[in-house]
Amino acid sequence: IAESVMEAMGGQEAWNNTRHLSWTFFGGRQHHWDKWTGNIRIATPAGQNRQGQPTPATLVLMNINTREGRAWADGEEVSGERLAQMIEGGWRAWVNDSYWLVMPYKLLDPGVNLAYKGEDIMADDREADVLEMTFESVGVTPQNRDLVYVARDSGLVEQWSYFQNREATEPGFTMPWASWQRFGNIMIATDHGRGMDWNIAVHDSLPDAVYTDPDWQQ
């Protein structure tokens with residue numbers, strides 16, 4: 001089933017040959033990701049934390065493989081402990097946000113355990129095969145568990161239930177994974193609930209400045 005999902009999305013070769021992805025995570029963090037080099041650019045607008053305190057606009061330019069890079073807060077470059085914190089935060093943000101974007105491409109990744117959980121009916125009354133994903137020492141939260149619903153009619157992942165830990169019996173949430181569109185040679189779902197435009201794009205090439213110049217403008 002996982003292999004058929006990959007084919008329905010364009011195939012492994014098309015995914016491997018896709019180089020640059022950009023998207024905005026739920027209207028907040030703006031990502032640019034060079035899949036081939038591991039370079040990323042994450043721009044986060046100023047806002048508020050959960051306690052209602054103001055947070056600065058930030059920019060992180062880094063490599064997810066080496067976890068090295070540079071960072072800025074309200075336009076001022078940071079260093080030392082603050083830089084280390086922002087690099088770690090940038091990596092964690094990329095892990096989370098890229099998973100929301102391309103999770104179906106990761107079904108067969110090393111460290112992912114798949115189990116078939118049978119048939120079920122999705123929220124829109126369509127039939128689906130249900131795959132369970134658990135993880136071995138990968139990502140930021142390997143204790144999570146996911147149920148992935150592969151629609152029988154489309155062959156694509158079209159619903160997702162998230163469990164904070166493997167023992168949980170009720171999901172933290174169930175979200176659509178819907179409105180699939182073609183970007184370049186691959187398919188990506190554009191609707192993850194909450195009615196927000198993710199501004200997804202695939203690029204064959206981007207200027208080096210995207211990943212090196214804090215003043216680069218899209």
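## A pocket to start with

Let's begin at the second largest pocket of this predicted model. Its lining is made up of 22 residues, and those nearest the pocket's centre are R29, T44, Q48, T55 and T58. Which elements give two or more residues to that lining? They are β3 (39-44), β4 (47-48), β6 (58-63) and α3 (80-102). Helix α3 makes the largest contribution, with 6 residues.

As for the space inside, the second largest pocket holds about 760 Å³. Sort its lining by class and you get 11 polar, 8 nonpolar and 3 charged residues.

## Stepping back to the whole chain

Now zoom out. The protein chain has 16 strands along with 4 helices.

How much of the protein chain is buried? Buried residues account for 45% of the 218.

## H192, tucked into a loop

Next stop is H192, which sits in the loop between β15 (186-191) and β16 (201-203). Is H192 buried or exposed? With a relative accessible area of 1%, H192 counts as buried because that value is under the 20% cut-off.

So who are its partners? Setting aside residues up to four places away in sequence, H192 touches F26, W100, M175, P176, W177 and W198. One of these, W100, has its backbone oxygen 3.5 Å from a polar atom of the H192 side chain. The side chain of H192 also reaches the backbone oxygen of A189, at 3.3 Å.

## R145 and its neighbours

Over in strand β11 (residues 145-151) you'll find R145. R145 is buried too, because its 11% relative accessibility is under 20%. Which side chain does the side chain of R145 meet in a polar contact? That would be E132, at 3.1 Å.

## Q12, in a helix

Helix α2 (residues 12-17) is the place to look for Q12. Q12 is partly exposed, at 38% relative accessibility. Not counting residues up to four places away in sequence, Q12 touches M6 and E7. For a sense of distance, Q12 and M62 are 50 residues apart in sequence, and their C-alpha atoms are 26 Å apart in space.

## Two loop residues with positive phi

Finally, a pair of backbone details. R67 is not a glycine, yet its phi is positive, near 55°. R67 is found in the loop between β6 and β7 (68-73), and its relative accessible area of 38% makes it partly exposed.

D125 isn't a glycine either, and its phi is also positive, at about 70°. Look for D125 in the loop between β9 (112-121) and β10 (127-135). Is D125 buried or exposed? D125 is exposed, because its relative accessible area of 65% is over the 50% cut-off.

Methods: Residues numbered from 1 in each chain as written. Predicted model: local features only at pLDDT ≥ 70, side-chain atom pairs only at ≥ 80, totals over all residues. Heavy atoms only, no water. Buried < 20%, exposed > 50% of the residue type's maximum accessible area, 1.4 Å probe, protein only. Polar contact = N/O pair within 3.5 Å; in protein donor to acceptor, adjacent residues only side chain to side chain. Contact = heavy atoms within 4.5 Å. 1 Å grid on protein atoms, 1.4 Å probe; cavity = no way out; pocket = protein on both sides within 12 Å on 5 of 7 lines; lining within 4 Å. Points joined across faces, edges and corners; volume = space filled by probe spheres on them. Nonpolar A, V, L, I, M, F, W, Y, C, P; charged D, E, K, R; others polar.
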